[in-house]
Amino acid sequence: MMTDITQLLIEKDNGIAVVTINKEQKMNALNRKLVEELNHVFTELKQDKEVVGVILTGKGQKAFAAGADISEFTGLDESQAYNMSKEGHDTFNLIENFPKPVIAAVNGFALGGGCELAMACHFRYASENAKFGQPEVNLGIVPGYGGTQRLIALVGRGRAAELMMTGNMIDAQEAYRIGLVNKVTDIENLLEASKKTINTIAAKAPLAVTGVIECVNAFSDRTLDGMERERNVFAGCASTEDFKEGATAFMEKRKANFKGA
């Protein structure tokens, strides 16, 4: 682990890594250093064989990540702005393609880059006080960390366009209604609900879970043929010991004992 991780807290609980943005006094706002730290942390967690899933959340009960540090945007020329966007894309793509489940436990405001970060996770659980939005047009820019594309994939073109053009915020129930979040819970049970789901997934065949992540992500990757990716992943899973165990356990009416091989 990096020795200079200053904006994130990492805790492990029975194989579940809880990554917390630790900037409560600044509403857990994103800056370039935080994006870099996320990249390092998720790169290292990817190599940790004991980790069965990751929960990403914010410190406190007000914000998951309430936007970006606007001071970093001022004075950027076009080339510098492009590089900033690419840094965000690289890190958020790393999270999206993480081989084990990543749940965003959205515990308050998820605005701008914070909403984009939540959308990079495989799915989102929200507390009742959560608020979502892409207000970049109010600053004269557009979402730059993948939000324009991921929001369309999650809620559809019309709703995504409306949210990004108006800059309006929506509450947790509306986010649930339009498919931006998977579950709404009270803030006290948010982490527990997230852990429960990761434990459910952890009981499944690990290679198959990774395969699902690959296939789901292929849907919105224009460089890939999603159906071809599905065929390849299906064929790869069919040759694993886990598939043999899963099929045998099903026929023998017992719980499967998956090994990740």
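Predicted model: local features only at pLDDT ≥ 70, side-chain atom pairs only at ≥ 80, totals over all residues.
Asn 14 sits in the loop between strand S1, residues 8-13, and strand S2, residues 16-21. As a reminder, most residues other than glycine have a negative phi. With a relative accessibility of 73%, Asn 14 counts as exposed.

A second residue belongs in this discussion. Lys 253, in the segment after H10, is again a residue other than glycine with a positive phi, here near 55°. Lys 253 counts as exposed, since its relative accessibility is 80%.

Helix H10 itself spans residues 241-251 and contains Ala 249. Is Ala 249 buried or exposed? Its relative accessible area is 1%, so Ala 249 is buried. Leaving aside residues up to four places away in sequence, Ala 249 touches Arg 254, Lys 255 and Ala 256.

I turn now to helices H4 and H5. In H4, the buried residues include Gly 147, Arg 150, Leu 151 and Val 155. These residues lie on the same side of H4, because they cover an arc of only 105° around the axis. The partners against which the buried residues of H4 pack are H2, helix H3 (113-120), H5 and H6. Just after H4 comes Gly 156, with a positive phi of about 95°.

Helix H5 covers residues 157-166, and within this helix Ala 160, Leu 163 and Met 164 are buried. Their arc around the axis is only 90°, and therefore they share the same side of H5. Gly 158, Glu 162 and Met 165 are exposed on the other side of H5. What covers the buried residues of H5? The cover includes helix H4 (147-155), strand S9 (169-171) and helix H6 (172-178). After H5 comes Gly 167, where phi is positive and near 75°.

The next topic is the packing of H8 and H9. Helix H8, residues 206-219, packs with helix H9, residues 226-238, at an angle of about 170°, and their axes are 9 Å apart. At that angle, H8 is roughly antiparallel to H9. On the H8 side, the contact is made by Leu 207, Ala 208, Gly 211, Glu 214, Cys 215 and Ala 218. Their counterparts in H9 are Gly 226, Arg 229, Glu 230, Val 233 and Cys 237.

Finally, the aromatic rings. The structure holds three aromatic pairs, and I shall describe two of them. Phe 42 and Phe 98 form an edge-to-face pair, with 5.6 Å centre to centre and 90° between the planes. This pair links distant parts of the chain, 56 residues apart. Phe 42 belongs to helix H1 (residues 32-47), while Phe 98 is in the loop between helix H2 (78-96) and strand S5 (102-106). Both Phe 42 and Phe 98 are buried.

How is the pair of Phe 123 and Tyr 125 arranged, and what is its centre-to-centre value? That pair is tilted, with 5.9 Å centre to centre and 45° between the planes. Phe 123 counts as buried, because its relative accessibility of 17% falls under the 20% cut-off. Tyr 125 is buried as well, with a relative accessible area of 6%.

Notes
Residues numbered from 1 in each chain as written. Heavy atoms only, no water. Phe/Tyr/Trp six-rings, centres within 6.5 Å; stacked < 30°, edge-to-face > 60°. Helix = DSSP H or I, 4+ residues; strand = E, 2+ residues; numbered from the N terminus. Buried < 20%, exposed > 50% of the residue type's maximum accessible area, 1.4 Å probe, protein only. Axes fitted to C-alpha atoms, helices over the stretch in contact; angles between N-to-C directions. Parallel < 35°, antiparallel > 145°, perpendicular 65-115°, else oblique. Contact = heavy atoms within 4.5 Å. Arc of directions from axis to C-beta.
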